[in-house]
Amino acid sequence: MAGKGWFGLPFFGQGPRDERVSCTLSGGGSRASFQLGALDYLYRHDDDFTPTAFVGASAGAILAATLAQSATRDGQIAFLRRLDDIWMGMTSQTDMFTPRPWFSRLQDEGPAWLQVMAPPPPAPRTPWIRPGILPFRRPSPASPVTPPEPTALDPLELALAPDDETVRSDWSLAVLSGLANQLGRLPRIGSELNSIWHGVERSRSMYRPGPMLRDLLDPATFDPSRVAGSGATLRIAMVALETGELHFMTETGRLVDRTDQPVGPEVHDLPVGVLASCAIPAVFRPVPIGDLTYVDGGARENLPAELAVGHLGAGRNYVISSQSQGVPRRASMADADLFSVVMRSTEILIDEAGRDELAYAHSAGAFVVHPEIAVHDSMTVHPGLLAINRDYGWLRAAERHLGLGESTESLHRAIIELRMRLLQLEERVIASRDPVRKDQLALRSAKIQLRDALRMARDTPLPDGADTWWTTWERHPVPPAGDPPWMPLPPQG
């Protein structure tokens, strides 16, 4: 049995073999660019990084399955370069997440429909007074003619106050007025809503995989027979909706549970397994495999290090996550709607689960690489942000491999944050036909800061092309025309 450690989870399986190396790759959507950068560094600079066992979830399953086509370092490097070309070739969100027609229609038309139906803001409500409680809030007969400002309800009152279901006449008249003004549009709205509803029923997702999926499944990039015959071990995570259980598909297409024990004798199609592991709930359609229906493995474990560390018998374990810790602060959500509260709570739950998974990997002695800051979210596809995130993955892997101190980590973080700021400044300048002088000055100043920071970081390995980051444009969906305006003109010969 596996030895027990942190919170009773397994650290190592029976007889870990020192010569066997595992690599666990988390989910993260488009943020897998971070992992591409980290992998590039490790293959180039860490002689111990020779994985023959790969475990992945969601986007990490794509990387894991592709790399598992070879058990040799050179072969894996060749497949990594192919993955990098595909990932860095994306220029818009539709390359990875193509909206379904019903969702596009809803995005385009929904705001206008809401305007047709939206009532005016309701009159301020008087605070609800619970009978027999808080008697000091009951109105006094001696109240002044001018009513005082309404008192905000405290949380207890707010929780106990019933919904006001009274249909006010002003609301009804306002709706009738809006309908009368937009009468000609109502038949079209009705047919569009009907189309959207049928689209939801049929597709069960907002998006379908974009054209990059074709490139990923091209035989030159991915062939299941190469995975099965490579000698490498592969486990890709997915969750069965019917049972809620976490399963993994192996290099041969069989399913195993979280302890690497078989789940039935059937052999399944490995590309379908990769698709299931990436089936983000509501974003992509669930994937039927055998008698069950599967979604993204991240619904249970976005970073499935427990299987790699505890059950695959590797003597050295690498864990590479694209998920940063912590959630960005939001403005006050005291008046947020139900959907916003649910989405924010889910975001917090995912972050907490990610903290636990990273804590387990650290406590088990794995070599762990993860971001400290979020360059972009999991559904953002912008060529500049993808490139910055990839370079950030390289720098974070270097910090971990070389044991660099806090000062170097802070310097690397400053470089990445500067490039993120520069990308925004460049977009502002590019979008303006007559750029504001202060924007040009801010751009030049930030580029000089980047140059100086890069000079300070020369003692550690930097990604390819780092010496030109301050002299060239960041990557944009449409490459900018003309020379960088912050660079001096070359001398005339």
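This is a predicted model: local features need pLDDT of at least 70, side-chain atom pairs count only at pLDDT 80 or more; totals for chains, interfaces and linings use all residues.
Helix α13 spans residues 383–402. Helices here are DSSP runs of H or I with at least four residues, numbered from the N terminus. Helix α13 has 20 residues and reaches 29 Å from its first C-alpha to its last. That is close to the 28 Å expected at 1.5 Å a residue, where the expected span is 1.5 Å times one less than the number of residues. Residues are numbered from 1 along each chain as its sequence is written, and side-chain values use heavy atoms, with hydrogens and water left out.

Helix α13 is mostly covered, with 16 of its 20 residues buried. Buried means under 20% relative accessible area, with a 1.4 Å probe and protein chains only. G403 follows the helix, and its phi is positive, near 65 degrees.

R419 lies in helix α14, residues 406–431. R419 is buried, with a relative accessible area of 2%. Contact means heavy atoms within 4.5 Å. Not counting residues up to four places away in sequence, R419 touches I388, D391, L450, W469 and E474.

W469 lies in the segment after α15 (437–456). This tryptophan is also buried, at 8% relative accessible area. Leaving aside neighbours within four places in sequence, W469 is in contact with D391, I415, R419, K447, L450, L454, P463 and D464. W469 and L454 are 15 residues apart along the chain, and their C-alpha atoms are separated by 8.8 Å.

Technical notes:
Helices (H or I, at least four residues) and strands (E, at least two) are DSSP runs, numbered from the N terminus. Buried means under 20% relative accessible area, exposed over 50%, partly exposed in between (1.4 Å probe, protein chains only).
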